[in-house]
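Please walk me through this structure.

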Amino acid sequence: MIGWRTKLAYGWGSLGNNIVYGFVATYLAVYYTEVVGIAAASASVLFFVVRIVDATADPVMGMIVDRTHTRWGRFRPYLLFTPPVLAVLTILAFSIPSLNTTATLVLAYVSYLLWGLSFTVMDVPYWSMSAALTSDARDRTSLVMVPRTLANVGYIGVNIITLPLVALFSFSGERQGWQIVAVLYAVTAMALTWVTFAKVKERAEAPASHRYSLPEMGRLFVQNKPLLLLLGAMFLTEVAFTMRNIIPVYYLTYNYDAADMVPMLVGVFAVTTLAGSLLSPVLAGRWGKRNAVFVGIAITSASSVGAWLNGYGSLTPIIGWIAITGLGYGITNISLVSMLTDTVEYGQWRTGRRTEGLVFSSNIFKTKVSSGVGASFALALLAAFGYVANQDQSVATLDGLHSTMTIIPGIVGILALVPLLWYRLDEGRHAAIVAELEARDAEPEAVS
């Protein structure tokens, strides 16, 4: 069993990662459209193109991780050397000047792509390390709960405090405020990731990853059916989540003339997401991880429909529906990530090769594509509904913003149930697979 000190130390790295990830994922679009002056349609294309290009690096990074062997282990070196690079690139991403349209877009493309690549170099090894800390399915649920809960705290916490901080530090204008906040987040994230490097050690007896060539990677990936199904479900839930995180600034600003309410709305979502995260292991222990996901998605989707039917005449009911949505998302997120870890042993059992890097790099690949699709879709909808920055919006635009905040992500999220109908790697089957793998490892000793 992993001690809570180790779990907490591991979680600090996730908190750091998601401080900068949440800042970029939620506010870079706002910075581009509201501060730099990039049109919503251009920003939509930018997010889609950069995230797809960036995502192609994830499988390669997974292969590199599976080939890494150092005195610090397979995963920890990346947590030592990458954070300073990511910190600098985070600051640069929020330092884009307003030049002519072409020059501004080029700088935005380059800075965002470099940021994404550096995040890959840190995030793939970080999550891959979780499979090397324990092989017990139930222990993994509690292990994953800590970093995922702290990830939510970092991600959503950034959403709460960013706009007030930007206003606080805008001594010489709003641009300065964004840049100072970027520095604060970047330095904090770097320090927290270094805590994980210093305090978390990989198991000496953890099974070694197997090396594989680039052509073999596709075959190993396709043979892991539970992994493919999980990635499909997670992709859809994350597209919906990304949309919900980008739209609130626009939604509250224009539908309610209440931009100052963004921290409160996101804060409510944060509290209930945390509650759902803490509830997830309880539900998973009672009903199984997959059934816990079904419950979480049902709650999230139902609340999205309820919010849409409510309309946007009053903000108070919307806050209530958002609270319910957060509870469902917390349950769903923790359960899905815990299920993902179990696919490492399934892949080893199915193919004879243990490839944590492949599993978790494919997860990061999926996250980048889903965030790119979610952000691009949300911004494309803004453009389609006639949104123009810093102006009064038409009724059609306001209706579109309301739908983009509520029913549209609800529909996307409920589609995640489809691939899970074929998912069969439950706790009992995983335990049997682990036992069989341990028996295989013991066979040479028995012969000798």
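Which side chain does Asp342 meet in a salt bridge? The partner is Lys289, at 2.7 Å from N to O. A salt bridge here is a side-chain nitrogen of Lys or Arg within 4 Å of a carboxyl oxygen of Asp or Glu. Asp342 lies in helix α12 (residues 315–351) and Lys289 in helix α11 (residues 289–310), so the pair ties together parts 53 residues apart in sequence. Helices are DSSP runs of H or I with at least four residues, numbered from the N terminus. Asp342 and Lys289 are buried. Buried means under 20% relative accessible area, exposed means over 50%, and partly exposed lies in between (1.4 Å probe, protein chains only).

A word on the source. This is a predicted model, where local features need pLDDT of at least 70, side-chain atom pairs count only at pLDDT 80 or more, and totals for chains, interfaces and linings use all residues. Residues are numbered from 1 along each chain as its sequence is written, and side-chain values use heavy atoms, with hydrogens and water left out.

Back to the charges. The count comes to 5 salt bridges. One of them joins Asp54 and Lys368, 2.9 Å from N to O. Asp54 sits in helix α2 (residues 40–55) and Lys368 in helix α13 (residues 356–384), 314 residues apart. Both Asp54 and Lys368 are buried. Arg51 joins Asp54 and Lys368 in a network of salt bridges.

Arg440 and Glu436 also meet in a salt bridge, 3.1 Å from N to O. Both lie in helix α17 (residues 427–447), 4 residues apart, about one turn of the helix. Arg440 is partly exposed at 32% relative accessibility. Glu436 is partly exposed too, at 37%.

Now the rings. The structure holds 29 aromatic pairs. Rings of Phe, Tyr and Trp (its six-membered ring) pair if their centres lie within 6.5 Å; planes under 30 degrees apart count as stacked, over 60 as edge-to-face and the rest as tilted. Phe23 and Tyr185 have ring centres 4.9 Å apart and planes at 80°, so the pair is edge-to-face. Phe23 lies in helix α1 (residues 4–36) and Tyr185 in helix α7 (residues 174–199), so the pair ties together parts 162 residues apart in sequence. Phe23 is buried at 0% relative accessibility, and Tyr185 is buried at 6%.

Among the buried residues are Ile407, Pro409 and Val412.

How values were computed. Helices (H or I, at least four residues) and strands (E, at least two) are DSSP runs, numbered from the N terminus.
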